[in-house]
Amino acid sequence: MATDLTQNKPGRAIALKLCAVFLFMVMAALIKSVSPHVPPGQAVFFRSFFALPVLVLWLWQRGQLRQGLVPSNLMGHVWRGIFGTSAMGLTFAGLGLLPLPEVTAIGYATPLFAVLFAAIFLGERVRIVRLSAVALGLIGVMIVIAPRLSVGADALTSAATVGAVLVLIASILRAMVQIHVRRLVQTDTTASIVFYFSITASTLGLLTLPLGWATGLDVLTWTAPPAWVIWMLILSGLIGGIAQIMVTASYRFGSASMLAPFDYASMIFASFIGYIAFGELPTGPIIIGASLVIAGGVLIIWRERQLGLDRSKSKPNVPPSGTP
């Protein structure tokens, strides 16, 4: 079944991943704009619940509305939902405490951890070149975080420091999500993966209602935020649904370790959107740290290309996977 559901089409995989990265940056900006008005759990619910209409329409257009919603690996969907929803909530919380470019730079740890997790959990071969690239990237992430950890005696309790820690934890969880997605595409359709994540995240987000939505003043108290906030939340869900379909589909056409470096394009998008929407610009440590991470990503891309050429030379007569 795996050979029927996955294909090796790196060009298509990269295009899907880059489009998804851009849309996720737009979604993050929308969430950041409403963060002073709603708690992370409420944002998670809206982002997930309003992604469902996009998914259902997509399934209907593809003629997969019925068969696409049948899961083969139910527990895989459960764990993917728990990791993904936790990462989403932590990231949304971080967006309310940090500038968008800084959240993006710290999030660069995700593909680095994904390369390591791909070797540990998927058995993908990761040798010295890619390990060195990961080490270089992690150094870059630490340069970004360092100012938040050394700005005085109260650094570890400051809001910005808490935000940085939350986003870093979220990046680890997102790396686990990538690994779970790579496993799930071996048995389940893209439709079922995205659909059941939206269901799980909507449910978990809704469970935060007793914690106090919108105002957070009283348990079991919900006060409707301004209309523009609701519309921003709904739009974030629609955009997030489209992006989620694209990123899930990308792992059907390429390996986790090959696609991981293309997350780095988000710094370009985040810097542009952050400046236009919030007047934010990357600081010196962010630029230096992000540059190191990007350098590590370029090294990984180069190594993937070399490995691809080597495999092509060593197996010249082997037909593509799934070919009779």
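Reader: What makes Ala 20, Leu 23 and Phe 24 contacts of Ala 243?
Author: Contact means heavy atoms within 4.5 Å. Leaving aside neighbours within four places in sequence, Ala 243 is in contact with Ala 20, Leu 23 and Phe 24 in this predicted model. Ala 243 sits in helix α11, residues 227-253. Helices here are DSSP runs (H or I, at least four residues), numbered from the N terminus.

Reader: Why is Ala 243 called buried?
Author: Buried means under 20% relative accessible area; exposed means over 50%, and partly exposed lies in between (1.4 Å probe, protein chains only). Ala 243 has 0%, so it is buried.

Reader: How far apart are Ala 243 and Leu 18 in sequence and in space?
Author: They are 225 residues apart in sequence. C-alpha to C-alpha, they are 9.7 Å apart in space.

Reader: What are the ground rules for these values?
Author: Residues are numbered from 1 along each chain as its sequence is written, and side-chain values use heavy atoms, without hydrogens and water. The model is predicted, so local features need pLDDT of at least 70 and side-chain atom pairs count only at pLDDT 80 or more, while totals for chains, interfaces and linings use all residues.

Reader: What makes Lys 32 and Glu 280 a salt bridge?
Author: The term needs a side-chain nitrogen of Lys or Arg within 4 Å of a carboxyl oxygen of Asp or Glu. The closest N and O atoms of Lys 32 and Glu 280 are 3.5 Å apart. The pair links distant parts of the chain, 248 residues apart. Lys 32 is in helix α2. Glu 280 is in the loop between α13 (266-278) and α14 (284-314). The structure holds one salt bridge.

Reader: Are Lys 32 and Glu 280 buried or exposed?
Author: Lys 32 has a relative accessible area of 12%, so it is buried. Glu 280 has 14%, so it is buried too.

Reader: Why does His 180 count as buried?
Author: His 180 has 15% relative accessibility, so it counts as buried. His 180 lies in helix α9, residues 159-184. Not counting residues up to four places away in sequence, His 180 touches Gly 76, Trp 79, Arg 80 and Phe 83.

Reader: Why is Leu 74 called exposed?
Author: Leu 74 reaches 55% relative accessibility, so it counts as exposed. Leu 74 lies in helix α5.

Reader: Which residues form the nonpolar patch on the surface?
Author: Leu 74, Met 75, Val 78, Trp 79, Ile 82, Leu 204 and Leu 207 form it. Together they have about 640 Å² of accessible area. Helix α5 (residues 74-95) gives the most, with five residues.

Reader: What makes a set of residues a nonpolar core?
Author: A nonpolar core is a set of buried Ala, Val, Leu, Ile, Met, Phe, Trp, Tyr and Cys residues joined through side-chain atoms within 4.5 Å. The largest has 57 residues. Those with the most contacts inside it are Phe 92, Leu 95, Leu 98, Leu 100, Ile 106 and Leu 233. Helix α2 (residues 10-34) gives the most to this core, with eight residues. A second, separate core of 13 residues includes Ala 13, Val 181, Phe 253 and Leu 259.

Reader: Where in the chain is confidence lowest, and where is it highest?
Author: pLDDT is the predictor's confidence in each residue, from 0 to 100. Helix α1 (residues 2-5) is lowest, at a mean of 43. Helix α3 (residues 40-49) is highest, at 94. Over residues 215-220 the pLDDT is below 50. Where pLDDT is low, predicted coordinates should not be read in detail.

Methods: Helices (H or I, at least four residues) and strands (E, at least two) are DSSP runs, numbered from the N terminus. Patches are made of residues with over 30% relative accessible area and no salt bridge: like charges are joined within 9 Å, nonpolar side chains (Val, Leu, Ile, Met, Phe, Trp, Tyr) within 5 Å. Accessible areas come from the Shrake-Rupley method with a 1.4 Å probe; for residues, only the protein chains shown count as cover.
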